[in-house]
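Here's a quick briefing on one protein model.

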Amino acid sequence: MKYELAIFDLDGTILDTIADLTTAVNDGLAKEGLPLRPVDDIRRFVGNGIHKTIERAVPPGTDAAAIERIYDNFNAYYPEHCADLTRPYPGIRELVERLRAAGVKTAVVSNKVDYGVKKLCDLWYPGLFDMALGERPGIPRKPAPDGVLEVLSALGVPAERSVYIGDSDVDLQTARNAGMDEILVAWGFRGRKALEDCGGRRIVDTAEEIGDLILGD
C-alpha cells in the first residue's frame with residue numbers, strides 16, 4: 001500500500017454538483033435583476049468558495065451589498081436544493097469502499113460550504129469518510145493547507161503517507177502546500193488540458209486508476 005490516507009475534494013471530484021450550484025447562484029442573480037449565468041460559466045467560477053464564485057458571476061461594477069444579498073440567498077436556497085440534480089461520478093463509491101477495505105483512511109476537504117459537504121457526503125457516501133470538512137469561519141480556504149493539515153493531525157497520518165485527489169489547479173496547489181502527493185481527475189470541472197497546463201503530473205481518467213495508484217497495484 002503506497003498511501004495510508006486519501007483526502008478527496010468534493011465538487012468535480014467525487015460529486016457532479018454543477019447543476020445545483022448553477023441553479024442556486026442564478027436564483028440569487030434573478031432576485032437582484034441581474035443576468036443569469038450558464039452552467040459553463042459557473043463551472044469556470046467555482047473552486048475558491050461560494051463567495052468568490054458569486055463575485056465572479058455578477059456583472060462588473062455590482063455593488064457589495066448586492067453581492068452579499070446573493071450570498072445570503074445562496075445559503076438559504078442551497079441547503080434545500082443541494083441534492084436535486086447532484087450525483088456521484090462513476091466508480092467513486094466502489095473506489096472508496098476498495099480503499100477502506102484495504103485499510104486506507106479516507107476524508108473530504110472542500111472549499112464548499114461545510115453544511116453542504118456534510119449533507120452530501122452523508123447522502124451519497126454514508127459512513128465512507130473518516131472526516132468531511134468544508135469552508136468554515138476562521139479557516140483559510142484552499143489552496144491554504146489548513147483543512148488538510150487538520151485532517152492529517154486528527155487521523156494521525158503524516159503528509160508523506162497521504163495523497164490529495166482533486167480536479168483543479170486549486171487542488172494541485174493545496175496538495176503541494178500541505179507537502180502531499182496529488183492525483184488529479186480529468187472528469188471534473190476543469191478538464192485534462194487545464195490540469196496539464198497548471199503542472200499536474202498524475203492525471204487519471206477513471207476512479208479505478210486512483211485505487212491502483214493509492215494501493216500500488
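In which helix does Leu 215 lie? Leu 215 belongs to helix H10, which covers residues 207-215. Before we go on, keep in mind that this is a predicted model. Its secondary structure comes to ten helices and eight strands.

**Overall shape**

- A compact globule of 217 residues would have a radius of gyration near 17 Å, and this protein agrees, with 17 Å.
- If you follow the C-alpha trace along its principal axes, the protein spans about 55 × 35 × 30 Å.
- Of the 217 residues, 53% count as buried.
- Take the contacts with a separation of 6 or more: 66% of them are between residues 24 or more positions apart.

**The sheet**

- Six strands form an open sheet with parallel pairing, and their order is S5-S4-S1-S6-S7-S8.
- S5 and S8 (203-204) are the edge strands, so to speak the two that each pair on one side only.
- Strand S1 (residues 5-8) runs parallel to S4, and four bridges join them; Leu 5 has Lys 105 in S4 as its bridge partner.
- S1 is also joined to S6 by four bridges, again in parallel, and here Ile 7 has Tyr 164 as its partner.
- S6 in turn is joined to strand S7 (residues 181-185) by four bridges, and the two run parallel; Gly 166 is partnered with Leu 184 in S7.

**A closer look at S6**

- Why is strand S6 (residues 162-166) described as largely enclosed by the rest of the structure? Five of its five residues are buried, so the strand is largely enclosed.
- In a regular strand, side chains alternate between the two faces of the sheet.
- In S6 both faces are covered: Ser 162, Tyr 164 and Gly 166 are buried on one side, and Val 163 and Ile 165 are buried on the other.

**Nonpolar cores**

- The largest nonpolar core has 49 residues, and the ones that touch the most other members are Phe 8, Ile 14, Val 108, Ile 165 and Ile 214.
- Apart from that core lies another one, of 16 residues, including Leu 5, Val 151, Leu 155 and Tyr 164.
- Leaving out residues up to four places away in sequence, Ile 214 touches Met 1, Lys 2, Tyr 3, Ala 6, Leu 99, Val 104, Val 163, Ile 165 and Ile 183.

**Helix H6**

- Which residues of helix H6 (residues 114-124) are buried? They are Asp 114, Gly 116, Val 117, Leu 120 and Cys 121.
- These residues cover an arc of only 160° around the axis, which puts them on the same side of H6.
- An α-helix has 3.6 residues a turn, so residues three or four places apart point the same way.
- The buried residues of H6 pack against strand S2 (15-16), helix H4 (64-81), strand S4 (105-113) and S5.

- Beyond its neighbours within four places in sequence, Leu 215 is in contact with Met 1, Lys 2, Arg 98, Leu 99, Ala 102 and Val 104.
- Leu 215 and Arg 192 are 23 residues apart in sequence, and their C-alpha atoms are 23 Å apart in space.
- Thr 53 is in helix H3 (residues 50-57) and is buried, with a relative accessible area of 2%.
- Not counting residues up to four places away in sequence, Thr 53 touches Val 25, Phe 45 and Val 46.
- Arg 37 sits in the loop between helix H1 (18-31) and helix H2 (39-45), and at 23% relative accessibility it counts as partly exposed.
- Arg 37 and Thr 22 are 15 residues apart in sequence, but 7.4 Å apart in space, C-alpha to C-alpha.

Conventions. Residues numbered from 1 in each chain as written. Predicted model: local features only at pLDDT ≥ 70, side-chain atom pairs only at ≥ 80, totals over all residues. Heavy atoms only, no water. Core = buried A, V, L, I, M, F, W, Y, C linked by side-chain atoms within 4.5 Å. Buried < 20%, exposed > 50% of the residue type's maximum accessible area, 1.4 Å probe, protein only. Contact = heavy atoms within 4.5 Å. Arc of directions from axis to C-beta. Pairing = 2+ DSSP bridges. Rg over C-alpha atoms; globule rule 2.2 N^0.38 Å.
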